[in-house]
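Please read them with the structure open.

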Amino acid sequence: QAVQAIDPSTSVPYWDYTIEAGYVTSGGGDMSAWFASEVFDDDWFGEASPEGYVVKRGRWAHTPVSRPSGEFAASSVTNAYGYLRAPWNQNKIPFVTRHNTSYGYTLDSPPSCADHVEQMKLTTVRAAGVGAWGRVWVNVPSTA
């Protein structure tokens, strides 16, 4: 709400995925509770792992990923296919994509509250490694 005090039309969504993690835990580890989250509804970010990876429904459906041009013409932050993606993101699909695997790893259990507590005790980002947030960030990204 602090940002909205300056500009009421601005919003910065935050996903507290520990809520969905709790549903998974209380459901005996069934990950379907995770993917049933409203953040994967069409009016938010679309399905978590669509067939073919391209987001096909909702506000992000078939959103193209840019190549350097115009105000981004001087950008050197592209992948090997020339898209404005992180250099390590070798996704060649020209649209916003989302999927539940990364480098062969599949998100099969969300981070727990205990994982978050341990993460908050760390004193450097380097020490954090993949940690609690990384399992989610790496495996349920929206790769622009």
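**Notes on the model**

1. Contacts and basis. In the protein chain, 49% of the contacts with a separation of 6 or more join residues 24 or more positions apart; a contact means heavy atoms within 4.5 Å. The model is predicted: local features need pLDDT of at least 70, side-chain atom pairs count only at pLDDT 80 or more, and totals for chains, interfaces and linings use all residues. Residues are numbered from 1 along each chain as its sequence is written, and side-chain values use heavy atoms, with hydrogens and water left out.

2. Fold elements. The protein chain holds 6 helices and 4 strands. Their order from the N terminus is α-α-α-β-β-β-α-α-α-β. Helices (H or I, at least four residues) and strands (E, at least two) are DSSP runs, numbered from the N terminus.

3. The protein chain has an accessible surface of about 9,400 Å². Carbon and sulfur atoms hold 60% of that surface. Areas come from the Shrake-Rupley method with a 1.4 Å probe; for residues, only the protein chains shown count as cover. Of the 144 residues in the protein chain, 28% are buried. Buried means under 20% relative accessible area, exposed over 50%, and partly exposed in between (1.4 Å probe, protein chains only).

4. Salt bridges, overall. How many salt bridges does a search of the whole structure find? The search gives 3. The criterion is a side-chain nitrogen of Lys or Arg within 4 Å of a carboxyl oxygen of Asp or Glu. As background, side chains of opposite charge can pair when their charged atoms come close.

5. Arg57 and its partners. Arg57 meets Asp42 in a salt bridge, N to O at 3.1 Å. Both Arg57 and Asp42 lie in the loop between α3 and β1, so this pair ties together parts that are 15 residues apart in sequence. Arg57 is partly exposed at 41% relative accessible area, and Asp42 is partly exposed at 30%. Glu47 also forms a salt bridge with Arg57, with the closest N and O atoms 3.3 Å apart. Glu47 and Arg57 are both in the loop between α3 and β1, so the pair ties together parts 10 residues apart in sequence. Glu47 is partly exposed, at 25%.

6. The helix pair. Glu118 and Lys121 form a salt bridge, their closest N and O atoms being 3.2 Å apart. Why are Glu118 and Lys121 separated by about one helical turn? They are 3 residues apart in helix α4 (residues 113-121). Glu118 is partly exposed at 45%, whereas Lys121 counts as exposed at 55%. Elsewhere, salt bridges that share partners join Asp42, Glu47 and Arg57 into one network.

7. Aromatic pairs. The ring search counts 3 aromatic pairs. Rings of Phe, Tyr and Trp (its six-membered ring) pair if their centres lie within 6.5 Å; planes under 30 degrees apart count as stacked, over 60 as edge-to-face, and the rest as tilted. Phe35 and Phe40 have ring centres 6.2 Å apart and planes at 40°, so the pair is tilted. Phe35 is partly exposed at 28% relative accessibility, but Phe40 is buried at 8%. The rings of Trp44 and Phe45 have centres 6.2 Å apart and planes at 55°, so this pair is tilted too.

8. Nonpolar patch. Trp44, Phe45 and Trp60 make a nonpolar surface patch of about 260 Å². Patches are made of residues with over 30% relative accessible area and no salt bridge: like charges are joined within 9 Å, nonpolar side chains (Val, Leu, Ile, Met, Phe, Trp, Tyr) within 5 Å. Trp44 is partly exposed at 34%, and Trp60 is partly exposed at 33%. Trp60 sits in the loop between α3 (32-35) and β1 (97-98).

9. Charges over Tyr83. Arg67 lies over the face of Tyr83, 4.1 Å from the ring centre. Arg85 also lies over the face of Tyr83, at 5.4 Å from the ring centre. The rule asks for NZ of Lys or CZ of Arg within 6 Å of the ring centre and within 35 degrees of the ring normal.

10. Backbone check. Most residues other than glycine have a negative phi. Tyr53 has a positive phi, near 75°, and His62 has a positive phi of about 50°. Tyr53 is in the loop between α3 and β1, and His62 lies in the loop between α3 and β1. Tyr53 is partly exposed at 40%; His62 is partly exposed at 44%.
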